[in-house]
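I opened the model today to look up a few residues. My notes follow in the order I took them.

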Amino acid sequence: MNDKIFTLHNGARPLSALSSPKEAIRQFTPNWFAATMGTGILSLSLAQFPWQVPGLRLVAEGLWMFNILLFSVFAVMYLARWVMYFGEAKRIFGHSTVSMFFGTIPMGMATIINGLLAFGLPRWGADVIQVAHALWWLDVAMSLLCGVCIPYMMFTRQQHSIDQMTAVWLLPVVAAEVAAVSGGLLAPHIAAPHAQLGIIITSYVLWAYSVPVALSILAILLLRMALHKLPHESMAASSWLALGPIGTGSLGMLVIGGDAPGVFAAAGMPEIGHIAQGVGFVAGILFWGCGLWWMLLATLITVRYFREGIPFNLGWWGFTFPLGVYTVATLKLSTLIDLAFFKGFGALLVVILAAMWLLVAVKTVRGAWSGKLFVSPCLAGLDRKP
């Protein structure tokens, strides 16, 4: 059974070398966009480091610009796969694992949108707001589609069982709440009060579209792990994915709630704004506390996996983004609560995140250069020739 699981998640044959450049396109999957999520969230975390470190912001901005390049290259390669190998590309909808990674595309884009506000605005001025606004609505559309279409495929076309379930199920669902956070960051930069209100309301809807469903999946995941123990070591990083919707849920409530007083007051509803701010603050702390439990549990699970030895695959990027959003939520709390703990703990998490990103990035570059990471499990059993 373990060999079967490994085959499903890592492909029938790891490539020692690509037979041609076209093979990289043929084997390209959305899993690669997880690298843009991890890189993007690290750049945003470094920019919010609680103490001044010379050159740190430049490093953060450089990572964000590199992430734009990375996302663009991946987007071109994946689009090329659909154009050149349409029949093979559409097989992804029937694959019970790889299809989940469609959610990484809008989540990777969200980190670029947030970076436009954090880095692009001070560098290029207010013109970037229109770009961020347009990209955000595109991100919203993709997140909504992922959040409902992939579960529909799960219910109608794919084969799933409770003993094979992992936290990867969360990926298409969580995209909407990530977009909600971006909406909360964008709203204060929009001049028109009516447009601001539309963004905030949409962000609340996106949060509700995602978080309750994610929490339902987490409840099933707890039962699955209690009954069937840990997933195969090839899915070791999935233990951290559960932290993603919790950390993002916390950050979303803190960011959107922080915008609420001004936005609702401009719309003639000041009392609603103050209520939303209070609810967002309390909900943000509660979600943060829940995330602390998941983070500690994921740490223990990861230590166990590493003792036994785990193979490297693109799933290792799952170590980065969930930790990153929880880190940013911690840093956000440090600006709202006058407690040294949140500032110190947030700084520690940034350091851990940077170390994990560096480890995964180095392994990814090596795997990409050798061609071993260009493996599409959807093509298992097909003729491998391009």
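Where is the place of Thr36? I found Thr36 in helix H3, which spans residues 33-47. The model is a predicted one, and I read it as such.

**Entry: Thr36**

I checked burial next. Thr36 counts as buried because its relative accessibility is 0%, under the 20% cut-off. I then followed its side chain. The side chain of Thr36 reaches the backbone oxygen of Phe33 at 2.6 Å. I also listed contacts, leaving out residues up to four places away in sequence. Thr36 touches Asn67, Leu70, Phe71, Phe74, Gly108 and Thr111.

**Entry: Gly247**

I moved on to helix H10, residues 243-266, where Gly247 lies. Gly247 has a relative accessible area of 0%, so I noted Gly247 as buried. Which residues does Gly247 touch, not counting those up to four places away in sequence? They are Val325, Tyr326 and Ala329.

**Entry: nonpolar patch**

I looked at the surface. Phe281, Val282, Ile285, Leu286 and Leu336 form a nonpolar patch there. Together they have about 420 Å² of accessible area. Helix H11, residues 270-308, supplies the largest share, four residues. I picked out Val282, which is found in helix H11. Val282 is partly exposed, because its relative accessible area of 47% falls between the 20% and 50% cut-offs.

**Entry: salt bridges**

How many salt bridges does the structure hold? I noted four. Side chains of opposite charge can pair when their charged atoms come close.

I started with Glu23 and Arg26, whose closest N and O atoms are 3.5 Å apart. Both sit in helix H2, residues 21-26; they are three residues apart, so about one helical turn separates them. Glu23 counts as buried at 2% relative accessibility, and Arg26 counts as buried at 1%.

Arg26 also forms a salt bridge with Glu88, the closest N and O atoms being 2.9 Å apart. This pair links distant parts of the chain: Arg26 in helix H2 and Glu88 in helix H5 (residues 86-89), 62 residues apart. Glu88 is buried, with a relative accessible area of 18%.

Then I turned to Arg304 and Glu308, a salt bridge with its closest N and O atoms 3.9 Å apart. The two are four residues apart in helix H11, so about one helical turn lies between them. Is Glu308 buried or exposed? I noted Glu308 as exposed, at 55% relative accessible area.

Last, I traced shared partners. Salt bridges join Glu23, Arg26 and Glu88 into one network.

Methods:
Residues are numbered from 1 along each chain as its sequence is written. This is a predicted model: local features need pLDDT of at least 70, side-chain atom pairs count only at pLDDT 80 or more; totals for chains, interfaces and linings use all residues. Side-chain values use heavy atoms; hydrogens and water are left out. Buried means under 20% relative accessible area, exposed over 50%, partly exposed in between (1.4 Å probe, protein chains only). A polar contact is a pair of N or O atoms within 3.5 Å; within protein, one must be able to donate a hydrogen and the other to accept it, and residues adjacent in sequence count only if both atoms are side-chain atoms. Contact means heavy atoms within 4.5 Å. Patches are made of residues with over 30% relative accessible area and no salt bridge: like charges are joined within 9 Å, nonpolar side chains (Val, Leu, Ile, Met, Phe, Trp, Tyr) within 5 Å. Accessible areas come from the Shrake-Rupley method with a 1.4 Å probe; for residues, only the protein chains shown count as cover. A salt bridge is a side-chain nitrogen of Lys or Arg within 4 Å of a carboxyl oxygen of Asp or Glu.
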